[in-house]
Structure formats: C-alpha cells, structure tokens
Amino acid sequence: MTLSRRALIATTAAAAATTGAAVPAAAAPAGGSRLRTGFERLAGDGYALLEGRRVGIVTNPTGVTRDVRHIVDVMHADPRVNLTAVFGPEHGFRGTAQAGGSEGRYDDPATGLPVYDTYLKSGRPLADVFTASGVDTVVFEIQDAGARFYTYIWTLYDCMEAAGLAGKRFVVLDRPNPATGRAALGPVLHKEFATFVGRQPISQAHGMTVAELALLFNAEFLPAPVPLETVTMTGWHRADFYDASGLPWVPPSPNMPTPDTALVYSGTCLFEGTNLSEGRGTTRPFELLGAEGLDGRWAEAANALGLPGVRFREAYFAPTFSKFQGKTVGGVQLHVHDRAAFDPVRTGIALLVTAKRAWEGFAWRPDNWIDKLTGSERVRTMIDAGADTDEVVAGWRTELAAFRKVRRQYLIYG
C-alpha cells in the first residue's frame, strides 16, 4: 500500500499523540504524571471534538507538538480535520513580526491555508473576519506568559467575544502557565485604564492557564457567553514550573526567549513604562535593566532589601535595538536562585523604587504607560510621593483579595 504524504504525516501524528499517554511512571517529570497538553489530548482522541466542523485556529509559533512540528501543519495533513483557516495574533502566525506588529492577510506557503490578521481587531470587525473565513469553529492554541499585559490572553478574550457575535463555536486547547499557577499577584486593573495590555480587571500576575482564563472571561466579563469548550491538560499541577512539563519552549514573542524570562516578566515589564531599558535588544530581556548614568549603587540598594529568591548583579550592556540602542548602559541583572520564594511583582516594584532613588535621571514615560501596565495611576503616584515597596504593595491588598476569591471558581487544576 502506498501512502500519500498527507496520510503518512497523519498516521505519524496520531501514533505520537496516542503513545504519549503510555510513558511509564518512572519517566514522569518531578511534577507528577507525564503532562499532556490540550492538543495532545485532542489528537489522541482522533479529533472527535472537531468532527464535521470547518475549523479555524488562532495560533502562533508556540503551537507545536512535543517533537516541535507546528500543529497547523499536523492538522492540515490529517484527513480527520477540516482545517480551513488560520488567524494570526501580534507577531504573526509564523512569528515574523516584532513587538507591535503582525503579518497581515496572506496564504501560508507551507499549507496554502488563508491566514487572517487578528491583531488590534476586536468586536464586530473581528467577528466579520471569522464570518468571511467561513469557519464554524474557532480553536485557540497559544502559549501564554502569565502576565496581564502579555497580549495573547486579550487576543483570547477578543476572539471569544467575536466568535460569539459571529455565531461560532470556540475551543481552547490548554497549555501550562510557565510562571506556575500558584497565586494571583499584584494590582488589579481598574476598568478606566483598560487597553490591549489589560481589557478586564484581573491581577498583574494571574496565575491561571488559558483554559481557566477562558472560563473566567466567559462567566464574568464577556457581554454574552460564547459556546465554549476547553480541552484541559493532564499531568499538570499548579506549582509546576515549565521545565517540569517536558515540553519544548518556543518563544511566544521575540523578547520572551526562555521560561526564565516569563518568570520575571510580570514584574520587570513595568520598566517599559520608564525611561530605563527593560533589556530589549539584549540576550536577556526583562532580566537586564539599565540606563546611561546608572552604576553599582542600584544593585547595592536592591540587594539591601533582602527580597526572597532573587539577587541582583551590577551589569553593563549595550542594547542592539530599542532604548539606548548601541550605547553602553549600567544597571542590574536579576538572578533568581529560589523560584518558589520569588515574587516577581513585588520585585518589580522594589526595583522601580530603588531605581528612582539611585538615579536622578529616572522618569516615567511621558504617556504614563506605567498606569496601563499596573492598571491604575496608584503605583506611579505612590512612588513619586516617596512610598517604599511595602507601602505600594499594601495599596492593592484589598482588590487582590477580591480577585482571588473570584479566580478560585474557575481553577481546573490542583
């Protein structure tokens, strides 16, 4: 019997998904039994959830199998799936665009599938994209980074709302939160500060998976719930870091190169709202922070706080793009030595407080972007008024407790 390339790939994909569940307990990662992603479970079930459907998928380069084949290529080659469209978010489906960019509308050279651009589209315009594509089921499969201002969770929100408006079914394939799902941390967004880096009032580090967020969005925030199905993981536990998953890491965006980046990102991304470099244009974005005129006094001040799980090294670097391009700047590098004790949001606030005190050139971005990142003007105004780290953190205690109570209702995993 001669198999076509499409049939051969389909057979291989199905076998890989099926045998994945049979790994013996001795080979399981420390976090528990072998993790299976939502996609692995969907494929292992023969794509029964998508049978008879015209399917479109919202994804990016992170949508890969355990052997790093893109799931669009795998599904397109499988006769059991009628995949008819791809929807690309910020940075694009194949990941060719930098921050704040997308790939536009084109036909994917590898599969011939039409690729539609979702970036900065929401509501009725995005619903019209789904309608024009001819799909009846929209699937979401993207690796998140665990922070409110990482835009893929708002792509999820916008796509859910648009699918509801267009009368489409919505399916979320779950993946691990690389910063763990242990806790919600940081300030909660105030609705008057809503933007694409924060549509709804969730905490700065949400501690949820995309499937859990989808359940939360559908019940608490969407104007009308969408017909929603989630394909959950097995073998994932809330305290697991990404390396326990056994999954390959594909950068979700150009400046999220490793899981270590995701671990600090929900705190140090706040430096986007300042005139300091947040490390873009280096090999360690969001772990390196600095500016011209800063020196070792900043690292000394930060280390003197005794923040749990992290130390700060005096560092000098020259970004190849973004702030201070081609100039040598001074600052700090974060070294997380105890991931379980590390609090990224508190650390980010402490670094803002100490940077402002250590460097007279410190300034917020003129557009007060820091308010969009933190979700209100409170962090900025408190730091300007001379508040220390504990005082700033105490300012969001009540709203965070309220969000944690709501969040608990939608947690899937133990």
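A crossing of two helices is termed left-handed if the near helix is turned anticlockwise from the far one by less than a right angle, and right-handed if clockwise. The structure is a predicted model, in which local features need pLDDT of at least 70 and side-chain atom pairs count only at pLDDT 80 or more, whereas totals for chains, interfaces and linings use all residues. Residues are numbered from 1 along each chain as its sequence is written, and side-chain values use heavy atoms, with hydrogens and water left out.

Helices α7 (residues 259-268) and α9 (residues 344-358) have axes that come within 6 Å and cross at roughly 50°, the elements being DSSP runs numbered from the N terminus (helices, H or I, at least four residues; strands, E, at least two). The axes are lines fitted to C-alpha atoms, for helices over the stretch in contact, with angles from 0 to 180 degrees between N-to-C directions. The angle makes α7 oblique to α9 (under 35 degrees is roughly parallel, over 145 roughly antiparallel, 65 to 115 roughly perpendicular, and the rest oblique), and α7 passes α9 in a right-handed crossing. In this pairing, L263, V264, S266, G267 and T268 of α7 meet P344, V345, G348 and L351 of α9, contact meaning heavy atoms within 4.5 Å.

P257, in the loop between β9 (228-231) and α7, is partly exposed at a relative accessible area of 28%, where buried means under 20%, exposed over 50% and partly exposed in between (1.4 Å probe, protein chains only). Leaving aside neighbours within four places in sequence, P257 is in contact with W249, P251, T283 and P285. By contrast, T118, in the loop between β4 (114-117) and α4 (123-133), counts as buried at 3% relative accessibility.
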